[in-house]
Amino acid sequence: MIFPHISEIGSAYTLVMLLAGLGLVLPFVVDRQRTLHRTLLFGVAFVFAARYAIWRTTDTLAPAALTLDMAASWSLYALEMLALAGSLSAFVIMSRLTSRSDEATANAGWWGAATPKVSILIATYNESLEVLERTVIGAKSLRHPNKEVCVLDDGRRDWLRDYCDAQGVRYVRRPDNKGSKAGNINHALALLAMDPEPPDFIAVLDADFVPHRGFISRSLALFHDPQVGLVQTPQHFFNADPIQHNLGVSRSYPDEQRFFFDHMQPSRDAWGIAFCCGTSSLARWSAVQDIGGFPTDSVTEDFMLTLALQDAGWRTVYLAEPLTEGLAPEGLKEYVTQRARWCLGLMQIARSRLGPLGRNALRLRDRWSVIDSVFYWLTTFPFRIAAIIYPLLYWFFNITVVDARLADVISYFGAYYLWILITLNLLSRGMVVPILNDVSQLLAALPITRAAVVGLLRPHGHPFSVTAKGGDRDRINVQWRLMAPFAVLLALTLVGLGIGIVSDRFAFNDAGDGKWVVLFWTVYNVVVLAVTVLACVELPRRERHVADTPERACFVTGDGAKDLWITSLTEDTVRLRGPIYPEGTRGILGIDGVGDVEATVISGLKDGARLHLRPTTAQREALLLRFYTEDNTPGIARVRTSAMLGDIVRRLSFSSGRS
C-alpha cells in the first residue's frame, strides 16, 4: 500500500500505525464470545498472512542455483511457511469459542436420588509424602458423597501403604510398571471391575494435583448427555513455573499453560475436538470399558484416550472452570523434560492406529486435531531455533537469507505480525507477550525438535521420563548445560552485530536494505537470548500461596490476647503484622477454619513477627484444605503489563529476592 506524497518507508509505517490505531479501538467494539467477531478478526489475519507469504515467495528468496545463499534462503523459507501453516490452522480453531459453565449449572444433580459412584484414581510413582498428602486429603474432602479414593502406587512403597491405611483410602500396587501411567490405571480398572459395585465414573488425578471441593459435582453435571465419555477441566498451578519464577514475574505474568487451557481448549471444544490432558479429568466407566481401558501406545495416554473414545463414538467435552490446582515443574530440567515427553507422545499418536492416516472411524476434524498438534510441535520450535541461527550466516559468511527492502519488511511482515498480536491479545486478554513467549519456546526448542523428528521416524523404544516433583529449592542453581547453547549463540550474535556495526569485512553492503533487516533481527535476538540465559539461573523458592489475602487473627500469649493481621501463611510458618514480640515468645494463634494452633516467635520484624507453627494432624490437614481446595482461581489469570515491566526491571537489577 503506497500513500501519495510519502516515501515508501513512510507509507509502510503509515499502514502499521493505522493498524495500531485500529487495535486501540477494537476492544470497545469486539465481543470475544461471538463467533462472527472472532471469524472476522482471523479472516483479516488470513489476508495479511497470504499477503506476507506471497511477498516472501516472490520477492525475498535467493535465485535458484547451487549456492549457499539458495540453500539458506529456501530452507528458512520452508520452515517459516510450515510454521505459518500451523499458525493458520490454530487461527481456524480459535475462530470459535464455547463455555459450558451454564450447562453445568443447569444440569446439576441430573442423576436424581441415585448418586453415581465415583472412583478417584491418584497415580503415583516417586512423589514424596509432602506432595501426595495434599492430593489425598483434597480428594477425601470432595463434596460428592458417593466416592472412593484409590492411590495407585507404581513405586511399591510400604510407607505409602501405611499412610493410605491411616487415611482410610484404598491402596493399590502392581508387580511391574508395564505401560507406565496408563498401565497403572488399567491395573486398577481391572480390580475395580471385580468389586461388588463398580464405579459409574472414574476421576484421574496426578499425584501433585489437588481437587477443589466442587470438582466432581461440577464435572458430573456435563454427563447428562449420554454420549459424553469424558470431561476435562483446566490445570491451574499453586506455584510459579520456572519461567515466571526465574524472571521474577510470578505476580504479573501467567504460567505458560494458561493460553492453552483458558483459550485454546474452549475453542477446541467449540469444534468438538477438546482432548483429555490426563489429570483433572472425569470419565464414564462404561465408555472406558468400551475401549478396553487406557491406551498404552503413547507416553501421552491422555490425548490418545480422547481419540480412542471418539473412535468408539464417545465425546470429550471441556469445562473451563478452576476445579483443581497442582504443582508446576519447579526446575527448568523438569520443565523441558515434560514438554519433550508431550512432543514425543504426540508423534507416537500420529504414527499409531489412531493417527490421521490410520484406518479408524475418526471424524475428519479429529484427524485435523492431530495434524494441527503435529504442526505445532514439528514447526514452531525448529523455526524458533532457525530464527536465532540464520542471521549469523549473514554476519559471518555474507549469506543473504532474506533479500528484502526495509519498506517491504515493515509493510508485509510488520503489518501481519502486528495484526496477529492485536488479535491474539484481544481474544486472550493480553496473554501473548513478545520476547517472553519467544523465551518460553526457545528454552525447550532443542529437545523438543529432537523428540519431534526422532518420534516421527522411530516412534517407540524411547525411555520414559517422569517429571520430578518437589525437592530442595533453597539456593540459586544455574542450569549450565541448558544455558550453554544459548550463551554461545548470544556471544556469536553479539560478535556478529559488532562486525556489522564496525566493519564490512564479512558483511558487505551488497545486501542493500537487507543489512538493516538483519540488523534489527539480530538486535531482537540479542534481547531474546539474554533473557533466555537469565531464565537459566534458577532462584531460590519458598512456599507461597498466590490466592492468600491478609486476614485478622488473635494471638494469645502470657501478656494477653491481641488482634493482628496474618499477611503470609504456610504449613509451618506465619507472618504477623502488628505488635512486636521478643524471639522465643510462645502462644496460641487462632486461625479461621483451622483452630487454635500452638506457635512460637522465631524472629521479630519491624512491623510484626514471624512465627513457627506446631499444628496437630487435624490442624495440618485443615491448613492443606484451606490452601489448595477452596473454590478460587490460583495463579495469575492475565498479564498485568505495568507490574510485569516493573518486575522485569527488578529482576535485571538482581533485586527481586525470593518469590
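Student: Does Ile 385 count as buried or exposed?

Tutor: The model is predicted, so local features need pLDDT of at least 70 and side-chain atom pairs count only at pLDDT 80 or more, while totals for chains, interfaces and linings use all residues. Residues are numbered from 1 along each chain as its sequence is written, and side-chain values use heavy atoms, with hydrogens and water left out.

Ile 385 counts as buried because its relative accessibility is 15% (buried means under 20% relative accessible area, exposed over 50%, partly exposed in between, with a 1.4 Å probe and protein chains only). This residue belongs to helix α14, residues 364–397 (helices are DSSP runs of H or I of at least four residues, strands runs of E of at least two, numbered from the N terminus). Setting aside neighbours within four places in sequence, Ile 385 is in contact with Ala 445, Leu 446 and Thr 449 (contact means heavy atoms within 4.5 Å).

In the model, residues 409–427 are 100% helix and 0% strand, with 26 Å between their end C-alpha atoms. Residues 482–502 are likewise 100% helix and 0% strand, and their end C-alpha atoms lie 32 Å apart.

The helix α18 covers residues 480–502; its 23 residues should span 33 Å at 1.5 Å a residue, and the 31 Å between its end C-alpha atoms agrees (the expected span is 1.5 Å times one less than the number of residues). Among the buried residues of α18 are Leu 482, Phe 486, Leu 489, Thr 493 and Gly 500. Since 16 of its 19 residues are buried, α13 is largely enclosed by the rest of the structure.

At the level of domains, an automatic or database assignment gives domain 1 as 29–95 + 376–538 and domain 2 as 106–328. Their centres, taken over C-alpha atoms, are separated by 35 Å. In all, 26 residues of domain 1 contact 23 residues of domain 2. Between them, these domains bury about 2,100 Å², of which 72% is on carbon and sulfur atoms (buried area is the accessible area, 1.4 Å probe, lost on putting two parts together, summed over both).
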